[in-house]
Amino acid sequence: MNKKVGIQGIKGSFHHLVAMDYYHKDVSVMEHLSFHELAQKLASKESDEAVMAIENSIAGSILPNYTLIDEYDLSIIGEHYTPVNMNLMALKGQKIEDIKKVFSHPMALLQCKEFFKKYPHIKLIEDADTAEAAKRISDKGKMKVAAVASPAAAEMYGLEILAKEIHTIKSNATRFLILGTERQKSNGVKLDKASLKFDLSSDRGSLVSVLNILRDSFLSLTKIQSLPIIDEPWKYSFFVDVIFEKPQDFEKAVSVLKLMTEELKILGIYKNNLS
Ligand SMILES: O=C(O)C(=O)C[C@]1(C(=O)O)C=C[C@@H](O)C=C1
């Protein structure tokens, strides 16, 4: 039986395109209209794995997703970087000047902020998913309304592209995480990246001491993200991604970090896909 893979959004969404690419179409996708539902269904094993966007090169990190991975004890088992091509689409026979409202996922709207500055008459409305917004326009036959979504969504739901590649910077890309409920097995593949989470006190030098351990253990930091600990105002959790040559270097760093930080958690060890 095909693996069940959770995605945020419906067919034609960027998550769907990534799932098709990453798993070579060999999966049954489970559509979810929120990241929370995606995490919940994976944690309760209704899906086997899931694809979750974590950061876009224009719009930045999707911060609540760090909390979902941590709270639902999900494991990062892979990553996938993909170019993201945003397009304005509507029912056939209209011009941009006819459009009054545009629906899309908030991350997608952020990626197209510059484009919409030229059309102040258009009201931007945040929606659950790019492709779902496109499908709704098509199903309900809505005129004067458009969606921002992928060219695949325009094709699937029979909409016309009024403006193509409307994202602010041409090299727009999103990093997606591949999630499971158990630690990734190596199966002969070199696992050379890890994601960690820990809490730090505000003592002088606490963060720099951690960074020094990473450097001394030959780990390269590719991302650091802090998030507030909600029941301890002004205290922070740190989420870091590191890449390494030798697993022993990573294990050594973890054993030292356990002593220097609070609540150290390995969120996943997986293959680095950033070239
Ligand atoms: O709405 C979609 O199509 C999605 O897959 C969501 C999402 C996101 O969450 O960032 C995925 C990639 C793009 O960066 C924009 C939107």
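This is a predicted model: local features need pLDDT of at least 70, side-chain atom pairs count only at pLDDT 80 or more; totals for chains, interfaces and linings use all residues.

How many nonpolar, polar and charged residues does the shell around the ligand have?

Analyst: By class, seven nonpolar residues, eight polar residues and one charged residue form the shell around the ligand. In total, 16 residues surround the ligand, and the closest are Ser-13, Phe-14, His-105, Met-107 and Thr-130. Two or more residues of the shell come from each of helix 1 (14-22), strand 3 (49-56), helix 4 (106-111) and helix 6 (130-140). Because domain 1 (3-83 + 172-180) and domain 2 (87-163) both give residues to this shell, the ligand lies between them.

Five of its five residues are buried, so strand 9 is largely enclosed by the rest of the structure. In a regular strand, side chains alternate between the two faces of the sheet. In strand 9, Val-145, Ala-147 and Ala-149 point one way, whereas Ala-146 and Val-148 point the other way, and all are buried.

Strand 9 also has pairing partners. Strand 6 (residues 87-90) pairs with strand 9 in the antiparallel sense over three bridges, and Asn-87 stands opposite Ala-149 of strand 9. Strand 7 (residues 101-104) pairs with strand 9 in the parallel sense, over three bridges; here Val-102 has Ala-146 of strand 9 as its bridge partner.

Note on methods. Residues are numbered from 1 along each chain as its sequence is written. A residue is near a molecule or strand if its C-beta atom, placed from the backbone, lies within 6 Å of it. Helices (H or I, at least four residues) and strands (E, at least two) are DSSP runs, numbered from the N terminus. Ala, Val, Leu, Ile, Met, Phe, Trp, Tyr, Cys and Pro count as nonpolar, Asp, Glu, Lys and Arg as charged, and the others, Gly among them, as polar. Domain bounds come from an automatic or database domain assignment. A residue is buried if 20 or more other C-beta atoms lie within 10 Å of its own, exposed if 12 or fewer, and partly exposed in between; C-beta atoms are placed from the backbone. Two strands pair if DSSP finds at least two bridges between them.
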